[in-house]
Amino acid sequence: MTAPLSDDVRTLLLSRIKDVADYPKPGVMFKDITPLLADPEAFGALTGALVELAGQYGATKIVGLEARGFILAAPVAVQAGIGFVPVRKAGKLPGATLAQSYELEYGTAEIEVHAEDLSAGDRVMVIDDVLATGGTAEASLSLIRRAGAEVAGVAVLMELSFLPGRAKLAGSLAGAPLDALIVV
């Protein structure tokens, strides 16, 4: 589902996302969100829309996925008055962690969360910049549930509709909402 945004906010956000052809490799059209982050009006509008979704989801914690998900999720957590929990690439967090492996196009990757940061009773909203193939988001949902918490929903700035991320996440969401502010 596409999250409800006014046409003005959608236009503002889209106007601040820059297409970079052939990056990081030939044939790829990279969606650069750094101009959006540099614009306080656009970044504020994005943060406000995500805070609204956190309220609708009844979230008590916000998970941000490494790395751009951190940038989007942290101000949402602050404005919503709830905790922020980073989900990192394996080996980046000290202490006890929960880890989850997932498949990449060529190989595997692993993400981790501090074991004590999520627990039973938490309703967790996952935030990331882009939903592409869905592997990282799907792995994060497994981590959240393994920690004993509930998935309240997933929200992304942008969904790449030509990739299978939404379909891949359908079963893992188990009824939790998936909202994309912009679908391209």
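**View 1. The whole predicted model.** This is a predicted model, in which local features need pLDDT of at least 70 and side-chain atom pairs count only at pLDDT 80 or more, while totals for chains, interfaces and linings use all residues. Residues are numbered from 1 along each chain as its sequence is written, and side-chain values use heavy atoms, with hydrogens and water left out. The protein has 6 helices and 9 strands; helices (H or I, at least four residues) and strands (E, at least two) are DSSP runs, numbered from the N terminus. Along the principal axes, the C-alpha atoms occupy a box of roughly 40 × 40 × 30 Å. The radius of gyration is 16 Å, which agrees with the value near 16 Å for a compact globule of 184 residues. That radius is taken over C-alpha atoms, and the globule rule is 2.2 Å times the number of residues to the power 0.38.

View 2. Strands of a sheet pair through backbone hydrogen bonds, either parallel or antiparallel.

**View 3. Two strand pairs in the sheet.** Strand 5 (residues 97-104) and strand 6 (residues 107-114) are antiparallel and share 8 bridges. A hairpin of 2 residues joins strand 5 to strand 6, and Ala-99 has Glu-112 of strand 6 as its bridge partner. Strand 3 (residues 61-65) and strand 4 (residues 83-89) run parallel, joined by 5 bridges. In this pair, Val-63 has Val-85 of strand 4 as its bridge partner.

**View 4. Helix 3 against helix 4.** The axes of helix 3 (residues 40-57) and helix 4 (residues 68-80) come within 9 Å and cross at roughly 60°, which makes helix 3 oblique to helix 4. Axes are lines fitted to C-alpha atoms, for helices over the stretch in contact, and angles run from 0 to 180 degrees between N-to-C directions. Angles under 35 degrees count as roughly parallel, over 145 as roughly antiparallel, 65 to 115 as roughly perpendicular and the rest as oblique. The crossing of helix 3 and helix 4 is right-handed; a crossing is left-handed if the near helix is turned anticlockwise from the far one by less than a right angle, and right-handed if clockwise. On helix 3 the contact (heavy atoms within 4.5 Å) is made by Phe-43, Leu-46, Thr-47, Leu-50, Val-51 and Ala-54. Helix 4 brings Ile-71, Leu-72, Pro-75, Val-76, Gln-79 and Ala-80. By class, the contact of helix 3 with helix 4 has 10 nonpolar, 2 polar and no charged residues. Ala, Val, Leu, Ile, Met, Phe, Trp, Tyr, Cys and Pro count as nonpolar, Asp, Glu, Lys and Arg as charged, and the others, Gly among them, as polar.

View 5. Val-9, Leu-12 and Leu-13 of helix 1 meet Glu-41, Ala-42, Ala-45 and Leu-46 of helix 3, a contact with 6 nonpolar, no polar and 1 charged.

**View 6. Backbone details in the loops.** Back in the loop between strand 1 (18-21) and strand 2 (29-32), which holds Pro-24, the peptide bond from Tyr-23 to Pro-24 is cis, with omega near 5°. Asp-22 has a positive phi near 60°, though it is a residue other than glycine. A cis peptide bond also joins Glu-66 and Ala-67, with omega about 0°, and Ala-67 lies in the loop between strand 3 and helix 4.

Methods:
Pairing = 2+ DSSP bridges.
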